[in-house]
Protein chains: 2
Amino acid sequence: MKINHNYQKLPGSYLFSTIAKKVADYSREHKEARIIRLGIGDVTLPIAPSIVKALHEAVDEMGDAAAFHGYAPDLGYAFLREAIAKTDYQRLGCSISADEIFISDGAKCDCGNIQELFSNEARIAVCDPVYPVYVDSNVMAGRTGEYDADKGTWSRVIYLPCTKENGFVPDLPKEVPDLIYLCNPNNPTGTTLTRKQLQVWVDYANEHDAVLLYDAAYEAYIRDEEVPHSIFELPGARACAIEFRSFSKNAGFTGVRLGFTVIPKDLIREGVSLHTMWARRHGTKYNGAPYIQQKAGLAVYGEEGQKEIQEQIQYYMRNTRTIYEGLKEAGYAVFGGVNSPYVWLHTGEMSSWAFFDELLDKAHVVGTPGSGFGPEGEHYFRLTGFGSYEDTVQAVERIKKTLALR
Amino acid sequence: MKINHNYQKLPGSYLFSTIAKKVADYSREHKEARIIRLGIGDVTLPIAPSIVKALHEAVDEMGDAAAFHGYAPDLGYAFLREAIAKTDYQRLGCSISADEIFISDGAKCDCGNIQELFSNEARIAVCDPVYPVYVDSNVMAGRTGEYDADKGTWSRVIYLPCTKENGFVPDLPKEVPDLIYLCNPNNPTGTTLTRKQLQVWVDYANEHDAVLLYDAAYEAYIRDEEVPHSIFELPGARACAIEFRSFSKNAGFTGVRLGFTVIPKDLIREGVSLHTMWARRHGTKYNGAPYIQQKAGLAVYGEEGQKEIQEQIQYYMRNTRTIYEGLKEAGYAVFGGVNSPYVWLHTGEMSSWAFFDELLDKAHVVGTPGSGFGPEGEHYFRLTGFGSYEDTVQAVERIKKTLALR
């Protein structure tokens, strides 16, 4: 009997589990501390009224013999796939059809599972720093080689540094990867690639037969006209890209769970359609997203829904600006925060985790250590605009007092 | 760029996708046919009132700033894990604790994903016939060797024939497997292993360091006192078994989506805890089951919920008896149907798919060809008790007329 030893290679536990444990331990020992959580990217505003209404209606249908829905279609209900195709793609001029959209219970599962479609020999490239699921899911599959604990790097992963020195725009790699994960707007740096900067990667992928795994979970926060909302706005993307999208950050579905993945039918490798492969995976290992959630997703695309979620996004963006401007004023080097709910700050000489501990202990504010997102995240720190406005203002005041002035 | 070529090895599409397509094509060409679907194991009764009430309450919480729930704990809410531990395990005398229960969006995902914890060299054993997800998910991972299209078998899979000749009780295999999938009550045969018959497998697994992957999705239908509701009723199971459970068939959650997996902390292989590995997988590739669904799951364990779901189960069991007795009367050899919502009938000289086509064409009844569940399922056919009572009675009448008397 042999287990999958790749799991043993993972250093420590999943980043956000580690943070949750540290905060729980601290809370237990400091019961008086009113902790403000700007760490994990979890939303705080309740689900918007028109979406709540849709949820109730769907629940009523599930309780009514004439309207009950059993197993959903594996790939999602047509009503939702069509609304997405129309609103998120065709309206932007992207030629994505409803049957190229796969509904799921969230982008994290899809980002984690997509690597299954590729050979175990495939080389992956990731921005450094980036959302840890891309690397960790490949570690579990045995694709990343050996871990260098000193450097915090994997021998077979191609890292694309994104730092203040290069303006958070990665250079093309020296070695050619098979799979290139791009997160735009990037988590955790909150920075973006413009249409022109992204075109370089689309052209590179097409030239080298690579596949772009494009995570657009934060697209709703984009304000800059130069930054694309979908990779399929770019010529050539249909032949090389898969896009992941989420309802978590635009409509507050972190606890509702809904997302989707777009795989164009033109995306062929070794003569095989990746669209067909993913459909097969959905059919075999997934049983469809819940009807209730898919109806809620449809409400997001309604007239009311669109208006309500824009208000929520504005609210979080005001928080983000508050953090960005407050910390800048206090003398921190801050990045991101304009087309993203994330502010990325430089911790100076302090390590990311030392900054985490100090922030928790002195300011009772939880953020996320940059090093948890990759070695180039060391000496950086992520704060999110997903708290309440009042908490955000107070957190910034506390940080200013306890850290900037010491 | 290399893809995962194991996907190419899968013969045809997923069984139920193939059936859905055949039925859709037939419907299009025969618009007058009133088709009765007793094929896929989908429920038809609406969600019970106390569960609908819990869903509405949870939706209201999600729309209320003070009660809103964002990301759920990766492994599930304590309220649900505790209700399960108490009601499904401790009440039966099984020493399973709440933190050994992992909440998910359904047993299909868990059954499909569990193989990731094991080496690619692991040898699997499956009952033949059985639910196709066990083999297919291992094919995708490259664990099953080559497919023999004539025999319908994989070179590295150990098959455990379950036929009328051995009373659907598999013999211990000649080669020792690492992973043994057991489904009890079995899907598709509807037959069961008693406590005594199952103990043989627990002892065998412990003796040979194998792991039992025990699918108990249909446990709610067990009436025979000799048949265990959980593998953890058996001495020694904590050291060798993982159990999969579903809310789909006991509470009608096929479209709601909720399930759980039990991994005891005593289950150690190569010095590593499989409980820890699965927790890591949940943390990295999953984002928790929705709050709304978990509250609905809790309602299933309420006093009202338990009463209501028992009524639904009785309803489906009456259907199952109707099929079983009707077909027996018509001269068919029928199996299962007593501790299970599935009736397994022998098609005589006809192939499973020929019987499927004839049943669809002559009786407008959809069933599932036994050969789709494994080579030993050839010449068998599955019908389910999940239709409405009226449809079930009519389906049996039609089958009697069109097939038995020809």
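How do strands β9 (residues 241–246) and β10 (residues 259–262) of chain A pair, in the parallel or the antiparallel sense? They pair in the antiparallel sense, over 4 bridges. This is a predicted model: local features need pLDDT of at least 70, side-chain atom pairs count only at pLDDT 80 or more, and totals for chains, interfaces and linings use all residues. Residues are numbered from 1 along each chain as its sequence is written, chains are lettered from A in the order in which they are written, and side-chain values use heavy atoms, with hydrogens and water left out.

**View 1. An open sheet of 7 strands in chain A.** The strand order is β2-β10-β9-β8-β7-β3-β6, with mixed pairing. Strands are DSSP runs of E of at least two residues, helices runs of H or I of at least four, both numbered from the N terminus. Two strands pair if DSSP finds at least two bridges between them. β2 (101–104) and β6 (157–161) of chain A are the edge strands, each pairing on one side only. From one strand to the next, the twist averages 20°. Helix α9 (residues 274–285) of chain A packs on the sheet and touches β2, β8 (211–215), β9 and β10 of chain A. Its direction makes about 25° with that of β2(A). Contact means heavy atoms within 4.5 Å. Axes are lines fitted to C-alpha atoms, for helices over the stretch in contact; angles run from 0 to 180 degrees between N-to-C directions. Within the sheet, Glu243(A) stands opposite Val262(A) in β10(A).

**View 2. Helix α7 (residues 195–208) of chain B and its packing.** Leu198(B), Gln199(B), Trp201(B), Val202(B), Tyr204(B) and Ala205(B) are buried, meaning under 20% relative accessible area (1.4 Å probe, protein chains only). The buried residues of α7(B) pack against β6 (157–161), β7 (179–183) and β8 (211–215) of chain B. Asp209(B) follows the helix, with a positive phi near 65°.

**View 3. Strand β17 (residues 380–384) of chain B, covered on both faces.** Tyr380(B), Arg382(B) and Thr384(B) are buried on one side, Phe381(B) and Leu383(B) on the other. β14 (residues 342–346) of chain B pairs with β17(B) in the antiparallel sense over 5 bridges. Here Tyr342(B) has Thr384(B) as its bridge partner. β16 (residues 368–369) of chain B also pairs antiparallel with β17(B), over 2 bridges. Thr368(B) is bridged to Arg382(B).

**View 4. Chains A and B about the rotation axis.** A 180° rotation with 0.0 Å of shift along its axis superposes chain B on chain A (RMSD 0.0 Å). That is the relation of a two-fold axis. Superposition is by least squares on C-alpha atoms of residues with pLDDT of at least 70 in both copies. Of the residues of chain B, His56(B) comes closest to the axis, at 3.1 Å (C-alpha).

Terms used
The expected span of a helix is 1.5 Å times one less than its number of residues. Buried means under 20% relative accessible area, exposed over 50%, partly exposed in between (1.4 Å probe, protein chains only).
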